[in-house]
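Q: Hi! I'd like to take a close look at one part of this protein, and I'm new to reading structures.

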Amino acid sequence: MFKKVAILLACITSFVFANADTNKTSSPLKLNVIKNIKVAHKMSDLSKSCVECHAEKTPGIVADWKNSRHAHVGVSCMDCHSVEADNPMASAKVHPKDSNNHVSMMVSPKTCAKCHENEVKEFEESGHARGAMQMYAKPGMVKLMYHYEGADHPEYKMSPDTTGCAMCHGTIIKLDADKKPTPETWPTYGIGTVYPDGGIGGCKSCHSSHTFSIAEARKPAACASCHLGPDHPDIEIFNNSMHGHIFNAEGNTWKYDSAPDTWDVPDFRAPTCAACHMSGVGETTTTHNVSRRLKYNLWAPRSNVRTGGNDKAVDEYRKTGKLSVGTPLAGHPSGDPEQARAEMKLVCKACHSTTSTDNFFIMADKHVELYNVYFDEAKKMLDDLKAKKLLLEDEWSDEFQEIYYHLWHHEGRRMRQGALMNAPDYAHWHGVFEVKNDIRKLRKIYKERIETGKIH
């Protein structure tokens, strides 16, 4: 009944620009009821002049905007790019030059939050929000990017970060003397980008500008640009799963533009990334906290359950400008990993029986715990060698440390993520099979170093 009401509301409001529910609490059984509806079909003269000018200067941007829901309700350039003169991102000169208007070429989540308050708040509670902050908080990661990969070259050392890491993790945007973003930090599509005005996040990472399409964000390609490769091959894992098989066979025929909290079966026949982690499937409600339904942390060296509740990284960074590596991980707002799993199961049960769902997670969890057995042994050997000063300072020249890194960062992630996303080849051949090879290599190196007291 509730879902039918939501669908009716969606039909009525599908072409209006609505403020989100201002209620700060949510549960898996509570719909996001729209409280305030405001429609503005007219643009200001200044906005019209922007569109007319940029139709010549940047026609692709204007074409995208014209096809967006923003354009349909008169949300235009000035609503997103016009800022107060004292805004840290404000242009040094007025723009257009015959006005008293200041603009910013960057649009931070603080601007998006004026209309999408709940979505931005939920995002800040997710693991995505800490993408850049966490990367730059880790000395080992910084050294990898600039020293080992960038060769400490005075001109080129930033390129591994700018062209690679930051494009997914995000960056901390810096401005030059003319208040323009530096080439080392912008443009970026990184999900956890930190803006000069304090905004944190990358809305356009999933809803590419300037259409900001909800349908685009619901397709696996929105996630695949970052979640791929040897360390977290999630798009490959998806394609290896039965879900991916169904999507690749018929996904081009599915309906992707339903209003939030109404996108559900039979709009699609198998879930995409967004359906499981974000959408209001079955009895769940939508969320931009992609960590909300996750029981385990699958990317870290060891998989512990997520008991941190709301992520505190954003608050910590805004207060101190820094992020401690030990900041609690994002998870379910209750801090209860079993509540997170219960919500994920609600998604599964839209298509699967209770027995099928429960049995799947029982065995997938065992595979995660099996990985922990391997990791704990590897970590014990690493700590012992470190205490006996039998590790090289340059970890990338040290065979033991390099294999240890790949055990958790590559093979171990594939093992765990393959299991929980139903990808047999990644759970096994690209996962546990490689992990068991790694541990044997580590045992051999460890034995030689302990017996000889030397690093060979």
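How many disulfides does the structure hold, and could you walk me through the cysteines around that topic?

A: Happy to! This is a predicted model, where local features need pLDDT of at least 70, side-chain atom pairs count only at pLDDT 80 or more, and totals for chains, interfaces and linings use all residues. Residues are numbered from 1 along each chain as its sequence is written, and side-chain values use heavy atoms, with hydrogens and water left out.

The structure holds 1 disulfide. A disulfide is a covalent bond between the sulfur atoms of two cysteines; here it is counted when a pair of cysteine sulfur atoms lies within 2.5 Å. The partners are Cys168 and Cys226, with 2.5 Å from S to S. Their link is left-handed, with -100° about the S-S bond. The pair links distant parts of the chain, 58 residues apart: Cys168 belongs to helix 10 (residues 159–169), while Cys226 sits in the loop between helix 13 (221–224) and helix 14 (234–240). Helices here are DSSP runs of H or I with at least four residues, numbered from the N terminus.

How covered are these cysteines? Cys168 is partly exposed, at 23% relative accessible area, and Cys226 is partly exposed, with 23%. (Buried means under 20% relative accessible area, exposed over 50%, and partly exposed in between, using a 1.4 Å probe and protein chains only.)

Now for cysteines without such a bond. Cys50 is in no disulfide; its nearest cysteine sulfur, that of Cys77, is 4.9 Å away. Cys50 is buried, at 8%. Cys223 is in no disulfide either, and the nearest cysteine sulfur belongs to Cys273, 3.9 Å away. Cys223 is partly exposed, at 24%.

How values were computed
Helix = DSSP H or I, 4+ residues; strand = E, 2+ residues; numbered from the N terminus.
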